[in-house]
Amino acid sequence: MTNVSHQTVEASEPRPMDGQTTLNEERRSLARKLLLPAQILLVFIVAFPLCMQLYIAMTWWTPLDGDPWYMAYQSWIWFLNYIDLFQDSSLWRAVWRTVLFVLISVPIQFALGLALAAIFYEGVAARPFFYSILLMPMMIVPAVTGFIFFLMFQQTGPVNAILGFFMSDAAQINWLSDVDRAFAAVIVADVWQWTPLMFLILYAGLMSVPDDQMRAATILGASWWDRFRRIALPRIKAVIVIAIGLRVIEAFKIFDPIFIMTQGGPGVATESLSLYLYKRTFQDLEWSYVAAIGITVLVILSIITGLIISKTSGAAVEPATESDPEKV
Amino acid sequence: MANVTLENVTKNFGDFTAVDTLNLAVPDAEFVALLGPSGCGKTTTMNMIAGIEAPSIGSVSFDGVDVTQTPVQKRGVGFVFQNYAIFTHMTVRKNLSFGLEVAGRPAKEIHRKVEEMAEFMALTHRLDQPSASLSVNELQKLAIGRSAIVEPKIFLLDEPLSNLDAAFRERMRSDLRQLQRDLKQTMVYVTHDQIEAMSLADRVAVMNKGQLQQFGSPAQVYSEPANVFVARFIGAPSMNIVRASIQHGTSGHEARLGDLAADAIMLDERLSGACDRSDALDVLFGFRPETIEITDENGPTTFGAEVMLVETVGRRKIVHFKTGLIDFLGVFDRSLSIRAGEAVKLKLDLDKCHLFDVKSERCLTLDQGGVDGQNRS
């Protein structure tokens, strides 16, 4: 008897397991089949251009040769493009200008965005109205932004007209053809366009700070600044990292406003990395060299992004434990 | 420590009156519960004491000093939130020192006080751990300690136990009571749970629809309810309140429970006096389910009833009776043998019965002392 019952138990137990695994197998193979078209598409969108770039970057191929790109192996040079790249001083000057641009522009956007978010968090009159007004620059096409500021910074433009109220010789200021002023003008355009994004992200972060914690701090005697510094800011650390990370990456790729406003000029005073790449691509037609630069930039940006993400996930651990007291 | 006085406090939100002409005096070092159903204005009342909300009319004073215009930061109240509102991004130490730090106290003093408070709250071993790692009773202690460290005049607690499960709540309740005694603090405690209010508080303020119904000791609100609302709200199961007609019999007043009940109840001097004072022929007759006895003898306060349903709840049997057209409950020990459908004779303890006015629903058998001198319109 015992034997029989034992057997039934043994027999009945694995069966549903078996059924499940076959079912899972079936499901998985079906899932694979269904995903295949999307994966093939991804291969063409992501993998193919990347491989093509890697390939071309190891050659001296240029469309001027008249050969199609897959014949590029005829001028195979291994890593010479990458070696050239590290000795290309005009490239590194463009990189440095871009970094400088990011280092000035993003902190200004952060400071302004945080200040606006704080003001909105405390509550302003007609909040929905100002909210939509504030977000508008973000929705404008960057090239159009460039054009707006190109007009604004003309010698006879509105900027000089307004400055004229305060300084007698303001009409003489030449913005876009002065080395430093052109750089400043480009920063102004970028700040104008992207402060709203910073504001939006930080404001959303502030809204997520638990109300009762702010109130608890108030009752404990904390001033506005105390609450902001000790409760709100530490709580939106993760959001701050994300916002800055996003803007650093985006600002590093700046192209459109500069292209419209100064074309990288005067000289190369506002030539960003993207603009430099553009010129090497379309003026010099050195496509293989540009491919090498592109890959190098990709690697460097990936490393920076990785660092930001690892830092963010560290900061994000904290809000996750946040709900604990309520849960228990 | 301080006493708190609310004078004619009214709070309107648009057309809605959350609190209506409230007068309340919380004595020094007492534990007072604001008890009432949701939306009765108890939280608004507490917010006005804290200064989170300003009264539309009336004044709030601590120790006789009017603080109605004093902002919340300067009012010196400790506030414990429903979910404790612990700063979970800080350590326990930082939570405790927060109030002192923002007040700009010297580091040495902060350190000393934090150590003392941690010692007092038995949190010393947790001081340098993240506060998110604490258990719920440690969180409660931390929330109270964080407020207590700045030496507030009074403590306000907003349903601090409502997030907990029943078993744990009991333990936290006794912890809280002990803390209040040790701190010797005036505490105002908001709750909708009558058991919490009755077991924790020195005094209970029962509120409904923005008005104070009764303010008295737990025993008082239980045995001498000021009106039908309090009588029904306090006690589980709540007081039986049935319509009764009063007749002037040969040897005193008689009350007939329900119109068709066969047996009349002879009223004693206290209840008769209450009837005389009100001149009413119809009253609401209130008696607690616990005060009914089953008897064999006929007496001046016995009446017949039919058993409709018997529920056994733990040690108690809750019996549903019917006499005439009225239903009421009785609570007995579970050892009582009784079955549905049985006809029984019940005896009332008239000392524990109350009469209420049909219209105003106010208790007729209480002198004004039982309402604690509240001016209620």
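User: In which strand is the place of Gln214(B), and why is Gln214(B) called buried?

Analyst: Gln214(B) belongs to strand S10, residues 211-216 of chain B; a strand here is a DSSP run of E with at least two residues, a helix one of H or I with at least four, both numbered from the N terminus. In this predicted model, local features need pLDDT of at least 70 and side-chain atom pairs count only at pLDDT 80 or more, while totals for chains, interfaces and linings use all residues. Residues are numbered from 1 along each chain as its sequence is written, chains are lettered from A and ligands numbered from 1 in written order, and side-chain values use heavy atoms, without hydrogens and water. Buried means under 20% relative accessible area, exposed over 50%, and partly exposed in between (1.4 Å probe, protein chains only). Gln214(B) has 1%, so the residue is buried.

User: What makes the approach of the Gln214(B) side chain to the backbone oxygen of Glu224(B) a polar contact?

Analyst: A polar contact is a pair of N or O atoms within 3.5 Å; within protein, one must be able to donate a hydrogen and the other to accept it, and residues adjacent in sequence count only if both atoms are side-chain atoms. A polar atom of the Gln214(B) side chain lies 2.8 Å from the backbone oxygen of Glu224(B), and the backbone nitrogen of Ala226(B) lies 2.8 Å from a polar atom of that side chain. Both values are therefore within the limit of 3.5 Å.

User: Why does Arg105(B) count as partly exposed, and what does its side chain meet?

Analyst: Arg105(B) has a relative accessibility of 34%, which falls between the limits of 20% and 50%, and therefore counts as partly exposed. Its place is the loop between helix H3 (92-102) and helix H4 (107-120) of chain B. The side chains of Arg105(B) and Glu109(B) are joined by a polar contact of 2.9 Å. With contact taken as heavy atoms within 4.5 Å, Arg105(B) also touches Leu100(B), Ile110(B) and Lys113(B), its neighbours within four places in sequence being left aside.

User: What makes S15 and S18 of chain B edge strands?

Analyst: The open sheet has 5 strands in the order S15-S19-S16-S17-S18, with antiparallel pairing. S15 (293-295) and S18 (326-333) each have a single partner strand, so one side of each is left without a neighbour in the sheet. S17 (residues 316-323) and S18(B) pair in the antiparallel sense over 8 bridges, and Phe321(B) has Phe328(B) in S18(B) as its bridge partner.

User: How do you know that the buried residues of helix H3 of chain A line one face?

Analyst: In H3(A), residues 80-87, Asn81(A), Tyr82(A) and Leu85(A) are buried. Seen down the helix axis, these residues fall within an arc of 100° (taken from the directions from the axis to the C-beta atoms), so they line one face. The face turned away from the buried side carries the exposed residues Phe86(A) and Gln87(A).

User: Which residues have the most contacts inside the largest nonpolar core?

Analyst: A nonpolar core is a set of buried Ala, Val, Leu, Ile, Met, Phe, Trp, Tyr and Cys residues joined through side-chain atoms within 4.5 Å. The largest has 98 residues, and Phe98(B) and Leu156(B) have the most contacts inside it. Beyond four places in sequence, Phe98(B) touches residues of both chains, including Ala217(A), Leu220(A), Ile231(A), Phe87(B) and Met90(B). A second, separate core of 33 residues includes Phe31(B), Ile110(B), Val136(B) and Leu183(B).

User: How many helices and strands are there in chain A and in chain B?

Analyst: Chain A has 15 helices and 0 strands, and 38% of its 328 residues are buried. Chain B has 10 helices and 20 strands, with 54% of its 377 residues buried.

Definitions and conventions
Pairing = 2+ DSSP bridges.
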